[in-house]
Amino acid sequence: MRTPTLALLSAALLLVPTAPAWACASCACGDPTLTSMGGEQPFEGRLRLSTMLRAWGHTEGVTGVDAQRLRELRMDVAVAYAPRPWLVLAVNLPLQAREVQDVSLGLERGWGLGDIDVTAKAFVWKDKEFSPDQLISVVGGVKLPTGPRLHARDGTTLGIDAQPGSGSVDPMAGLAWQGFRGNWSFLASALGFLPSRGRDDFRLGASVRTQVAAQYQPSPTWAVRLGVDTRAEKAPDTNGTPEEAGGGFIAYASPDVLFSPGMDVVVQAGVRIPVVNQLRRVSSTPIAVLSLAYDL
């Protein structure tokens, strides 16, 4: 399966706090809930920086026969800004290191900048103006072919699986719901992705990805979250011919711990454990996740 979805990397992000007009981001939006990047409540002027490290892998084919193993370490550096109380704009830049090993034990390694994601999230309904208990948003965005084509030391082009970018323009759109009740908060979303044809006439399969999560926060400084992430996708194809591996359905159990070591800083650590795997000829490893978000 040549799909870079749910891929993964991290590093330290040094941020110098400034003195905003309000005491903190939680006070400004009227909600003290600890949130990861993308789950925050909007208020005009909110600026959030984040970095996320993910480590993962999968194996295509049958071990000892035609297996190909992919391992990736990925770091996403993102910025999100709310120019209006109902609108959040975000840009995400991935840095990726990939290793691909085939059944003959041949190795390909590639690392560098990946494809940039640009997204917009518009909150179209909330149950009350200040500190709402429920919000519904529409999400839209596109992945742009900014990742360079990598070559081996001998000048040959690395295979598509070792490349950090696909060379395609991939639009996405969907809906999200957030709910808050006391120490509890909830999230549900569904996003559709429609990749275009990229390098070497390769095209990722169209997919629908969903997330459902519940979070319990017993104190202002930490919270625990449990979610389920799913992905249903068509098989990728090369020049219209479907690949032998890829396509199907996979679901992950997603436990997380969130911790705030200081004002406007949230650290999140978790794992995505594949509990249902109906992908064709693909076995996936758990995904380790570590992230840091900071509100300016």
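**View A. Trp184 is partly exposed, at 41% relative accessibility.** Here buried means under 20% relative accessible area, exposed means over 50%, and partly exposed is what falls in between (1.4 Å probe, protein chains only). This is a predicted model, in which local features need pLDDT of at least 70 and side-chain atom pairs count only at pLDDT 80 or more, while totals for chains, interfaces and linings use all residues. Residues are numbered from 1 along each chain as its sequence is written, and side-chain values use heavy atoms, with hydrogens and water left out.

**View B. Trp184, Phe186 and Tyr216 make up one aromatic cluster.** A pair of aromatic rings is described by the distance of the centres and the angle of the planes. Rings of Phe, Tyr and Trp (its six-membered ring) pair if their centres lie within 6.5 Å; planes under 30 degrees apart count as stacked, over 60 as edge-to-face and the rest as tilted. The count by this rule is 2 aromatic pairs. One of them is stacked: Trp184 and Phe186, at 6.2 Å centre to centre with 10° between the planes. Phe186 has a relative accessible area of 31% and is partly exposed. Trp184 and Tyr216 have ring centres 5.0 Å apart and planes at 45°, so this pair is tilted.

**View C. Strands 6, 7 and 8 are joined by antiparallel pairing.** Strands (E, at least two residues) are DSSP runs, as are helices (H or I, at least four), and both are numbered from the N terminus. Two strands pair if DSSP finds at least two bridges between them. Strand 6 (residues 134-143) and strand 7 (residues 170-181) run antiparallel and are joined by 10 bridges. Val142 has Pro171 of strand 7 as its bridge partner. Strand 7 also pairs with strand 8 (residues 184-193) in the antiparallel sense, over 10 bridges. In that pairing, Arg181 has Trp184 of strand 8 as its bridge partner. The hairpin of strand 7 and strand 8 has 2 residues between the strands, and Gly182 takes a positive phi near 60° there.

**View D. An open sheet of 3 strands has the order 9-12-13 and antiparallel pairing.** Strand 9 (202-203) and strand 13 (241-242) stand at the edges with a single partner strand each, so one side of each has no neighbour in the sheet. Strand 9 pairs with strand 12 (residues 237-238) over 2 bridges in the antiparallel sense. Phe202 has Thr238 of strand 12 as its bridge partner.

**View E. Arg209 lies over the face of Phe193.** The distance from the ring centre is 3.7 Å. A charge sits over a ring if NZ of Lys or CZ of Arg is within 6 Å of the ring centre and within 35 degrees of the ring normal.

**View F. Arg149 and Asp200 form a salt bridge.** A salt bridge is a side-chain nitrogen of Lys or Arg within 4 Å of a carboxyl oxygen of Asp or Glu. The count by this rule is 16 salt bridges. In the pair of Arg149 and Asp200, the closest N and O atoms are 3.8 Å apart. Arg149 sits in the loop between strand 6 and strand 7 and Asp200 in the loop between strand 8 and strand 9, so the pair links distant parts of the chain, 51 residues apart. Arg149 is partly exposed, with a relative accessible area of 35%.

**View G. Arg272 forms salt bridges with Asp229 and with Asp256.** The side chains of Arg272 and Asp229 meet at 4.0 Å, N to O. Arg272 lies in strand 15 (residues 265-277) and Asp229 in strand 11 (residues 222-233), so this pair ties together parts that are 43 residues apart in sequence. Arg272 and Asp229 are both buried. For Asp256 and Arg272, the closest N and O atoms are 3.2 Å apart. Asp256 lies in strand 14 (residues 248-262) and Arg272 in strand 15, so that pair ties together parts 16 residues apart in sequence. Asp256 is buried, like Arg272. Elsewhere, salt bridges that share partners join Arg46, Arg48 and Asp295 into one network.

**View H. Phe130 lies in the loop between strand 5 (117-126) and strand 6.** Phe130 is exposed, at 57% relative accessibility. Phe130 and Phe43 are 87 residues apart along the chain, and their C-alpha atoms are separated by 9.8 Å.
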